[in-house]
Amino acid sequence: MKKYIVLILLSALTIAGFAQQKKYTLSGEMKDAKTGEELVGASVYVEELKTGVTTNSYGFYSLSLPSGSYTIVFSYIGYESIKKQVDLSSNQKIKMELKEADKQLKEIIVNTDKPNSNNVEQNKMSVVKLDIKEVKKIPLLLGEVDIIKAVQLLPGIQAAGDGSSNLIVRGGNIDHNLVLLDEAVVYNPSHVLGFFSVFNGDAIKDFEIYKGGIPAQYGGRLASVLDVRMKDGNSKDYNVSGGIGVLSSRLTIEGPIVKNKSSFMISARRSYFDLFFPLSTQLNGTQAYFGDLNVKLNYTLSDKDKVFLSAYYGRDKLGFGGIFGFGWGNLTTTARWNHIFNSKLFVNTTFAYSRYDYNFDLNISKNLNFTRTNFINDLNFKIDGNYYISPKSNLKFGIKQNYYVFEPGNRTPITSESIISAASLPSKRAYEQDYYLSHIYKFGSRATVEYGARLSIFSNIGTGRSINYVGGTPTVVDNGYIKQNSIDTVNPYTNYSAGQVYNTYYGFEPRFNFTYLLNSSSSIKTSYNRMFQYMHLIQNVTASTGQEFWTPSDNYIKPQMADQVALGYFKNFRENTLEFSVEVYYKWMKNTVEIRNGADIQFNEAVEGQVVAGQGRAYGIEFFLRKQRGKTTGWLSYTLAKSERQADNINDGKWYPFRFDRRNYITLVLSQELSKRVSVGASFIYATGEAFTIATGRTNYFGDPTPSVLYGSRNSARFPDYSRLDLSLTINQKKTEAKPLWIFKKRAFEGSWVFSLYNAYGRKNTYTVSYDTNDQGVPTVYKWYLFTFVPAITYNFKF
């Protein structure tokens, strides 16, 4: 009897399935009509159903609809929208190319460059995406186009010190930010002690930064994800662009290898102020320069397959009179394969390699000299998939495998007469596995939810060794002070053979995002994410000086963990031309790595004895108002926040302000077109001063004639408030017809002059303080600053 009941139920379900209206899939790609570049985050909207999707990171979209006739609107911010009638009676592929807003289309135009309501409707919060064209309008130091400096003008994000390229995001530390370039990790995004970033604006297509609500495909850092994508290269025509500035010059060449099928992009940049040092008797012998190179190739194998190859190399070198110097560099390479299995399943496979190395050179004499080097290698393989179930349902999944090699220190003498002997710290190796799954579902026309999780597994593996301490702990408390514990003299080390797993951590990371539309112009959003971080940057200073190094979690240093919740209200005004949002957040941090007082981190294998585990909390409210269309564009942001740390036996175990805790942070960015050829820009920052540990007195220890400085509670004092105004003037030349090089056809030549003034009213913002005695022998506090006003001029060209 049960057998027949089952058969009847199965038959009923089958008949019901056939009775339903059959669905078909509309899929394809969206590209820039002029360059062939994929449009990421472009909108595909079905007017009749009032639903739609956005393109993924490779410009691909897919939506399944009941059979019938539909009006599909293809749109992207800054581009003309296209309305297309589609009779869907079978699966269809539509590749759409959009032209920029100032170009005329032969197809049906829908409200030229009409702003969309993605700010309200998309199930994303704590995320900001900027177009590189928007960044180029912002006045920045020495006229350099710098996406990180632009990001630092957004709510909840600040610079780690005046002029720094390091990010502080919602109370996180410098190393709590995952920086990706074409899916490869950039371990140090700074040039010239942090004054400039490694990202050449001419080589960048777009980028977005996640401060919270971080999707499950990202992991490994506590605070943020900065996802940067290089240009693919123009697949339709050859282009040359570049700029000549006060600090550096740059040149970019791109074009088709096989028209509409394959393209390349090469972009180079180098500073040249070091070329003028020999003209100065004071600076002769000084070295100071940076350079970088971006290369990208792509090839469309078929309608279903496309491959990408990209690479970045950057180098910094600073030296003084041949006596000492330091340098660092990043190398990233990425190979990706996009494959469309069918109209619903899109998969991207990636091999990526990252290397970050740094060196310190000392050459006082032929008897006293050495070179010290450190590096980290990161090799990873990952697969990311999108399964488009329906316009209301999308499944994301993936795996990632990482192999790390940490070389914490190698020291070699420069000359054979040097009294400094060669030495090496033992290398460390680790293997990380990540698996994630998330589901996006839309309930009716108002509610959208994304829920998922990420499982991370981090293992320390041989060849390597760990130190054995007396009592099993790397630090002890002596008279209220933390110091490194004694190493076991009988059995000082435990050695591990190649491939041997000797320690493993597991991290379960749930993720959640929810959006509810109140009406067509407003919504509320909430998010939660848990993040684990297994790698830690050990440094005493904020600027990149070659003295810092990365170290993995191990037997003694536990993984850092953060939980963050956020709630926001989003509202658009004036037909989506004005975007407003307000977000509140709270973040808990566990096992933060805190440098103990008196730590010795230079060429020290026992790094776990120099740090202690702490905890942190950060909370605040962020206001953001942005206008992206019209002759006047820009944004206004205000952040009210607090960030604290606590660790046993630091500051008597009491909570203390995080160094970059700033209660108030206000930014204003404006760009005004005065005419078709002339525009002006301005940016303003006001912030509460950074926290620091102030000196409270001096004493002579054990009869030492040189007095030592005594310090008060950690980070109990504040620098003066910070403020800065930057200005720019851009003058575009008239477009002219020219034939610049013999390989090019006659084409339009575009040029522009950019005049900028950094710190227009010359405020001497405090960078650091030091303590010394003046000429009369009186103890004195000295305040150091970096810049007053800095003028610059840059000439940009394109043909």
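I take helices (H or I, at least four residues) and strands (E, at least two) as DSSP runs, numbered from the N terminus. My model is predicted, so local features need pLDDT of at least 70 and side-chain atom pairs count only at pLDDT 80 or more, while totals for chains, interfaces and linings use all residues. Residues are numbered from 1 along each chain as its sequence is written, and side-chain values use heavy atoms, with hydrogens and water left out.

**Entry: Asn485.** I found Asn485 in the loop between strand 33 (481-484) and strand 34 (493-496). Is Asn485 buried or exposed? Asn485 is buried, at a relative accessible area of 10%; buried means under 20%, exposed over 50%, partly exposed in between (1.4 Å probe, protein chains only). Its side chain reaches two backbone oxygens: that of Val470 at 2.5 Å and that of Thr473 at 2.8 Å. I then listed contacts (heavy atoms within 4.5 Å). Leaving out residues up to four places away in sequence, Asn485 touches Tyr469, Val470, Thr473, Pro474, Thr475 and Val476.

**Entry: Val127.** I located Val127 in strand 10 (residues 127-131). Its C-alpha atom is 7.0 Å from that of Glu208, although 81 residues separate Val127 and Glu208 along the chain. With residues up to four places away in sequence not counted, Val127 touches Glu208, Ile209, Tyr210 and Gly212.

**Entry: whole chain.** I noted four helices and 55 strands in the chain. Of its 799 residues, 55% count as buried. Among contacts with a separation of 6 or more, 66% come from residues 24 or more positions apart.

Conventions: Polar contact = N/O pair within 3.5 Å; in protein donor to acceptor, adjacent residues only side chain to side chain.
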